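Open the model in your viewer and keep the selection panel at hand. This tour goes step by step, with something to select at each stop.

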Amino acid sequence: MLAKIRTAINTGDRGDFHEAHTSAPYITNDDGNVAVRIELFAHRVAEYKAWVGHCTAAGIAQAVAERLVIRGKKRMVIPSDLPDSWLSPGVEYIRDSQLDRTVIAGMDGVLSGAALGIAQTGTIVLDGGRFQGRRMISLLPDYHLCIIRAQDIVGVVPEAFAQLATTMQIPMQPYTFISGPSATSDIELNRVEGVHGPRTLDVFIVE
Amino acid sequence: MKKPESVIIELAPRFEVGAKAAVQNTQLRRNMGKATQTIRGKRAGVVDELADWESLRVAGQHIKDDVMQHLDTYLIQLEATVTQSGGHVHWAKDAHEANEIVTRLIKATGSTEIIKVKSLTTDEIRLNEALELAGITAIETDLAELIIQLAHEKSSHILVPAIHKNRSEIRALFQKSMNLPDLTDEPKELAAAARQFLRDKFMSVRVATSGANFAIAETGSVCVVESEGNGRMCLTMPEVLITVMGIEKILPRWQDLGVFMQLLPRSSTGERMNPYTSIWTGVHADDGPQEFHLVLLDNGRSDVLADAVGRQTLHCIRCSACINVCPVYERTGGHAYGSVYPGPIGAILTPQLVGTAHADSLPYASSLCGACYDVCPVRINIPEVLVHLRGKVVAEKQTQPQSWFDGENLGMKAMATTFAHRTTYELAQHAGQLAQWPFVHDGYIENGPGPLGKWTAMRDFPAIPAQSFRDWWRERQRDE
């Protein structure tokens, strides 16, 4: 198969080839205005019909508590390394230590951190690292409450990949990019929220 | 000569025949018109938002040029990085080999059913049919694919396979096949029905298959872009994951995703970003499938690569922007193309994958208006390839003995001879002026004689004027 591919590349007219890799000047970072970036992130996440709020680092537990009351969620799965200081009384939190999938699916929701945010597209990136846990816990429950630090929000998409690449090593982590709750456009091309992933997404930006 | 196994739908009529039937279906035309208009508007909105869109397109084109030029190197690199990360790589030269590999891998798990992420590549090789023969049930988990599977129909769009169906048609289908008599046609409720229907499968089926939007040679990472979460389910919950990927889907470097993850979502669903993107690298300890297989599929792609003009077809990232903007597709829908790849990209990809002899009507399924080229995120010059393929179709016909007696071919040859010299051209022009009079009305021929009749059935042919440009020029010079 490789021999055939090599012949195809090398035989006949090679055509007009451009220089390997481009110097096309696409934008690789925003203008550096942090307040604007965070505002844009909040706005763009909300446009996907997710709910977005702000809180301080010391106020996470209270913010979480209030949000869970509003959503009526009482049993939450959390990554094994999530700090106790994020947890509020009155809610049952279960740490994921290779929990059975049916247990996870039976929870009211998941509370997690995030690796990165992308302002331009309103995207949250999970990499299974700090405060995020394995992929299954942010997928099976119907509700996701995600806490992201303002300093982890980047401006544009290429910045996100550049940042993720700084920790690039084999084996790589598994990445999940989340832009709003689960949705489909399969019925008459209208975006409808809520198919297989969490149907409700709440986000707190910690400043 | 290649056989049209896979890709094209067997016994599908020629494009012009399929199209004629399709344009007479008013429900279909209404559904298609509404859907393509919606998506065109959304795409234009999010594309205009980016000041560097043209730079991104050029970057996308250059990266893909580089991929094609060094495809062998990148494939070997990918094999090494995937293997290093705990995955297994398999090479399949055609659909048959790919299906055999996948079947063997599934059988080794002892599972008799699999869950599938929507994948054009597995549609192309007709994986589901091959698995069925081996006693394995493939469950499509994408909403539109599920609709198509339940309705026993064929896809009509690469991104939204059920685009030809409206909500009330989908409701009727779900009421019947999911036994939900009280279901309404509210899209939210229809989506919820699919969620319920598939949840058990996600929780229990041990093997999944997927395609790949991108694979990074540098890191061995594979990327799947989706909306519903069915992709995440299939990529996370099973024990074994088998990904079938066309060899052209490779990207050299991790940072190339920064370009393509802007081009693809905006071009396909007209969103700034699709809801979910999963990127995994081999197997991850205690997270997701612990056995990962990557099947690299050629299936005609190296033949496309060998054609200097056609090669750019392999740049395609399957976004469907060209399909949504095509005036021909909007009117005929996808089934008329008789291939898993409809629309402008299908009109150039299908004939190259199966050989022009087996899909000779497709390069003509276009008015060459060029709208597809304008929207293509990797700048594939689709009209150029269409014309190139038309040339191939004609050249192939001319090698066959029956072409010696073919009216069109004889006529074209006669025309070429006549037009090659000034004297014969002018003679023919004058002869035409005399001969055309019974057919001319107001300066146009509306019903041409003989073979010209086919051409004038759809459009009027301008009559040869009483004074040609050459006559006028000579007269002008005489007068001076």
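The stops below start with one chain and move on to its contact with another.

Keep in mind throughout that this is a predicted model.

How much of chain A is buried? Of its 207 residues, 48% are buried. Now look at which parts of the chain touch each other. Among contacts in chain A with a separation of 6 or more, 71% are between residues 24 or more positions apart.

Next, show chain B as well and select the residues where the two chains meet. Chain A brings 64 residues to this contact, and chain B brings 78 residues. On the chain A side, select helix H1 (2-10), helix H4 (101-105), helix H5 (157-165), strand E9 (175-178) and strand E10 (183-184); each supplies at least two residues. Which of these elements gives the most? H1(A) does, with six residues. Colour this side of chain A by residue class to find 32 nonpolar, 22 polar and ten charged residues.

For the last stop, select E9(A) together with strand E9 of chain B, residues 276-281. The two strands run antiparallel and are joined by four bridges. To look at one pairing, pick Thr176(A): its bridge partner in E9(B) is Ser278(B).

Conventions. Residues are numbered from 1 along each chain as its sequence is written. Chains are lettered from A and ligands numbered from 1 in the order in which they are written. This is a predicted model: local features need pLDDT of at least 70, side-chain atom pairs count only at pLDDT 80 or more; totals for chains, interfaces and linings use all residues. Two residues are in contact if their C-beta atoms, placed from the backbone, lie within 7 Å. Ala, Val, Leu, Ile, Met, Phe, Trp, Tyr, Cys and Pro count as nonpolar, Asp, Glu, Lys and Arg as charged, and the others, Gly among them, as polar. Two strands pair if DSSP finds at least two bridges between them. A residue is buried if 20 or more other C-beta atoms lie within 10 Å of its own, exposed if 12 or fewer, and partly exposed in between; C-beta atoms are placed from the backbone.
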